[in-house]
Each structure stands twice: as C-alpha cells, then as structure tokens.
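Dear colleague,

I am handing over the structure that we spoke about, and it is placed directly below. After it you will find my notes, which begin with the overall form and then turn to single residues.

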Amino acid sequence: MQSALRAGYFLIVGVIVARLGSEVMAVHTVLVNLGSFLYMMPLSLAIASAVCIGKVAGNKELSAVFARTAVFLGLSVSTLVSLVLFVFAEPVLGLFLAKSS
C-alpha cells in the first residue's frame with residue numbers, strides 16, 4: 001500500500017511538473033535521482049541495523065547497546081551526507097549538468 005501511494009505521488013508530481021516545461025522536468029528528474037541516491041545510504045544502514053539487532057535480540061544479548069550504536073551511526077552518516085551536500089551543492093549538481101561551451 002505504501003509503495004503504491006509513493007508511486008502515485010511521483011506519477012502525479014511528474015505530470016504536474018511535465019506541464020511546466022522541459023527545463024523544469026529536467027531539474028525535477030535530477031533532484032529526484034539525487035534524492036533517491038542519498039536516501040539509499042541511510043536506508044541500507046537501517047536495514048542492516050535491523051538485521052543485526054534482530055539477531056542479537058534473538059540470542060538474548062544486549063540489544064540496547066547495538067540499537068544505540070546503530071542510531072548513532074545512522075545519524076552520523078545522515079548528518080555527514082547532509083553537510084557535504086550543503087557545502088558542495090553546486091559541484092554535486094554540476095555532475096548532472098552538461099557543460100556549455
């Protein structure tokens with residue numbers, strides 16, 4: 001259900017943006033791709049952390065320590081990625097743009 005809602009959202013926004021012109025659609029596409037790429041790092045950490053914490057909890061070990069470590073690691077990576085993107089916004093977006101001669 002959640003995936004269907006997300007897909008519907010992107011479809012509706014894509015149709016609205018497409019009516020605004022090709023340049024707006026290109027910028028929208030670049031930002032959606034960049035957002036998806038940046039979302040994958042914290043998501044992969046969350047999935048890996050859930051697996052590790054589940055394994056530790058199943059063994060009746062100290063899962064709270066692993067949970068705190070996973071949250072700290074996730075927040076650290078997300079903050080670092082956000083800062084890098086904030087500081088180097090133009091060079092990062094420049095990777096998606098063609099150089100005009």
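How many helices and how many strands does the secondary structure of the chain come to? The chain has four helices and zero strands, where helices (H or I, at least four residues) and strands (E, at least two) are DSSP runs numbered from the N terminus. From the N terminus on, the order of the elements is α-α-α-α. The radius of gyration of the chain is 19 Å, well over the 13 Å that the globule rule gives for 101 residues, so the chain is more spread out than a compact globule; that radius is taken over C-alpha atoms, and the globule rule is 2.2 Å times the number of residues to the power 0.38.

Before going further, please keep in mind that this is a predicted model, in which local features need pLDDT of at least 70 and side-chain atom pairs count only at pLDDT 80 or more, while totals for chains, interfaces and linings use all residues. Residues are numbered from 1 along each chain as its sequence is written, and side-chain values use heavy atoms, with hydrogens and water left out.

Along its principal axes, the C-alpha trace of the chain spans about 60 × 35 × 15 Å. Buried residues make up 11% of the 101 residues, where buried means under 20% relative accessible area, exposed over 50%, and partly exposed in between (1.4 Å probe, protein chains only). Of the contacts in the chain with a separation of 6 or more, 44% are accounted for by residues 24 or more positions apart, a contact being heavy atoms within 4.5 Å.

The chain exposes about 8,100 Å², of which carbon and sulfur atoms supply 74%; accessible areas come from the Shrake-Rupley method with a 1.4 Å probe, and for residues only the protein chains shown count as cover. On this surface, Val27, Leu31, Leu93, Leu95, Phe96 and Leu97 make a nonpolar patch of about 590 Å². Patches are made of residues with over 30% relative accessible area and no salt bridge, with like charges joined within 9 Å and nonpolar side chains (Val, Leu, Ile, Met, Phe, Trp, Tyr) within 5 Å; a salt bridge is a side-chain nitrogen of Lys or Arg within 4 Å of a carboxyl oxygen of Asp or Glu. Leu31, one of the patch residues, has its place in helix α2 (residues 22-58) and counts as partly exposed at 46% relative accessibility.

Gly14 lies in helix α1 (residues 2-18) and is buried, because its relative accessible area is 13%. Gly14 touches Met25 and His28, when residues up to four places away in sequence are not counted, and its C-alpha atom is 7.7 Å from that of Met25, eleven residues apart in sequence. Val15, also found in helix α1, is partly exposed at 42%, and its C-alpha atom is separated by 47 Å from that of Gly58, 43 residues apart along the chain.

In helix α2, Ser49 is buried, with a relative accessible area of 16%, and its side chain reaches the backbone oxygen of Leu45 at 2.7 Å. Ile53 lies in helix α2 and counts as partly exposed at 23% relative accessibility, while the C-alpha atoms of Ile53 and Phe66, 13 residues apart along the chain, are separated by 6.3 Å.

With kind regards

Note on methods:
Polar contact = N/O pair within 3.5 Å; in protein donor to acceptor, adjacent residues only side chain to side chain.
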